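Open the model in your viewer and keep the selection tool at hand. Each stop below says what to select and what is there.

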Amino acid sequence: MQEALNQKIDAFIAANKEQILKDIATLVSINSVEGTPEEGAPYGAGPRAALDKTLELAAGMGLATRNCENHIGYAELAGADAEKYLATICHVDVVPEGNGWTEDPFKMEIRDGWMIGRGVADDKGPMVATLYALKFLKEEGVSLRYPIRALVGDNEETHMHDVDYYLANYPAPVFCFTPDAEFPVCNGEKGHFDGKLVSPVCNGIIRDFVGGVATNAVPDRASALVATDITKLRNAPNITLEPEGDGVRIRGWGKSGHAAMPEGTVNAIGLVVNYLLDNGLCNDAERAYLEAVKKLHDSTAGVGLGIDCADGPFGPLTIIGGKMSMVDGRMVQTMDSRYPTCTDGDTIAKQIRAAIGTGAELTDVGSAKPFYIEADTPAIRACIDTYNEVTGENATPFTMGGGTYARYFPYAVSFGPEHSDMVLPEFGGPMHGANEAAPIDKLLEALKIYIIALLRLEEIDF
């Protein structure tokens, strides 16, 4: 029986492969970065367009669709139980394209078996995979016990107001998985802390300071405009100097990456901060602020701010500075921390305020607690067993620093399609970075995993 199912799934994937790639390319072509709210587009025109197109693709597969008042949507297969349903949830909004791309980020390229484009990994590729999982079940005429919804989110990268709206107005699924992380199964996510370090109005040497494209991404470039003579400045690694007006534009060149996985990144804002301090390009008020920001950038483990800690289920805390800007004469540095169970948002805020002293003000603080679900619950076992069956591995669930939709639902996990041991090609980059890349074969394998997992979940008594 299982062998016959495997053969049917393999044949389905082979027959639909080219169309799957075309559908992903269609979604990638839509710039769905959060924009200004409009009538009928609460998260901007781009996310709304991506939501509409995804539902259009689903309808073209013969799936029932619903737009939930323009906040979120879903494709659905009917089931016998009218009170309970299973769900998958992906998102079709993306982070800003950022810098460093070698090709148009919104025109998907296929190269040596890899898709390249903004959203191929996070999360448009997986979104299309879940639609095709439902397409397979429909074409096979599978009689479902529980209806299955493929939820289409469009505000995940910023505020997740889409899922807030959904759960406030629609019943929650009995179980949900989100293909927005890594395999095998993530059954816990660190807490999330964010805030801003704000300077006083300094009226000093620094005329402008800008860097980063998203609060949850390490910036690969940043710059400060300072009132000084370029002949007085010395060169430094990863720093370039350019005359601009009656001053100098100091640029830092780093290496980008996701805030939840900052290992190996180089924060360009931190490079510029260090250069300004090392060269005395600041008055007293600016220096006090830069010294506070330097503590943020000294370590992605939070050592400089005195917030470093770790626990067994989650490992160490991480923190990064995502965006720097100047607003009404004040420098504003955003921060993004993922924290384990050994601390909490109030403690982190208190420790940061103690570390920065009067040099900066901590504002706009927000936090969300960690969540953890025991790995031996039936639905999680169904997911992990399916993954191991398809791959031949003997993997176990894990926890992570990334934040997904899973934490919003009563019973949910993130489930692939990334792999922690995946080696990117020379021409490819990570999610949230330039040249975002995803391997085609692994996404198609994930599609197979999702089909079998959904069939297995249908057998559980929820």
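**Stop 1: the cavity lining.** This is a predicted model. Select Met115, Val120, Ala121, Pro126, Pro417, Glu418, His419, Met422, Ala438, Pro439, Lys442 and Leu443. Together they line the largest cavity. How much space lies in it? About 80 Å³. A search of the whole structure for cavities of 30 Å³ or more finds one.

Now color the lining by class. Nine of its residues are nonpolar, one is polar and two are charged. Which elements each supply at least two residues of the lining? Show strand β25 (417-418), strand β26 (437-439) and helix α9 (440-457).

Stop 2: Pro417 sits in strand β25. Step back to Gly416 and look at the peptide bond that joins Gly416 to Pro417. Is that bond cis or trans? It is cis, and omega is near 0 degrees. Most peptide bonds are trans.

Stop 3: Go to Asp122 and Asp123. The peptide bond between them is also cis, with omega at about 10 degrees. Where does Asp123 lie? Find the loop that runs between β5 (114-116) and α3 (124-139).

**Stop 4: a positive phi.** Select strand β21, residues 361-368. Pick out Asp364 within strand β21. Check its backbone: phi of Asp364 is near 50 degrees, a positive value in a residue that is not glycine. Most residues other than glycine have a negative phi.

Stop 5: Show helix α1 (residues 2-28) and helix α2 (residues 45-60). Two packed helices are described by the angle between their axes and the distance between the axes. Here the axes come within 10 Å and cross at roughly 160 degrees. Therefore α1 is roughly antiparallel to α2, as angles over 145 degrees count as roughly antiparallel. The crossing of α1 and α2 is right-handed.

Which residues make the contact? On α1, select Asp23, Thr26 and Leu27. On α2, select Ala50, Lys53, Thr54 and Leu57. Color these by class too: the contact of α1 with α2 has three nonpolar, two polar and two charged residues.

Key
Residues numbered from 1 in each chain as written. Predicted model: local features only at pLDDT ≥ 70, side-chain atom pairs only at ≥ 80, totals over all residues. Heavy atoms only, no water. 1 Å grid on protein atoms, 1.4 Å probe; cavity = no way out; pocket = protein on both sides within 12 Å on 5 of 7 lines; lining within 4 Å. Points joined across faces, edges and corners; volume = space filled by probe spheres on them. Helix = DSSP H or I, 4+ residues; strand = E, 2+ residues; numbered from the N terminus. Nonpolar A, V, L, I, M, F, W, Y, C, P; charged D, E, K, R; others polar. Axes fitted to C-alpha atoms, helices over the stretch in contact; angles between N-to-C directions. Parallel < 35°, antiparallel > 145°, perpendicular 65-115°, else oblique. Left-handed = near helix turned anticlockwise from the far one by under 90°. Contact = heavy atoms within 4.5 Å.
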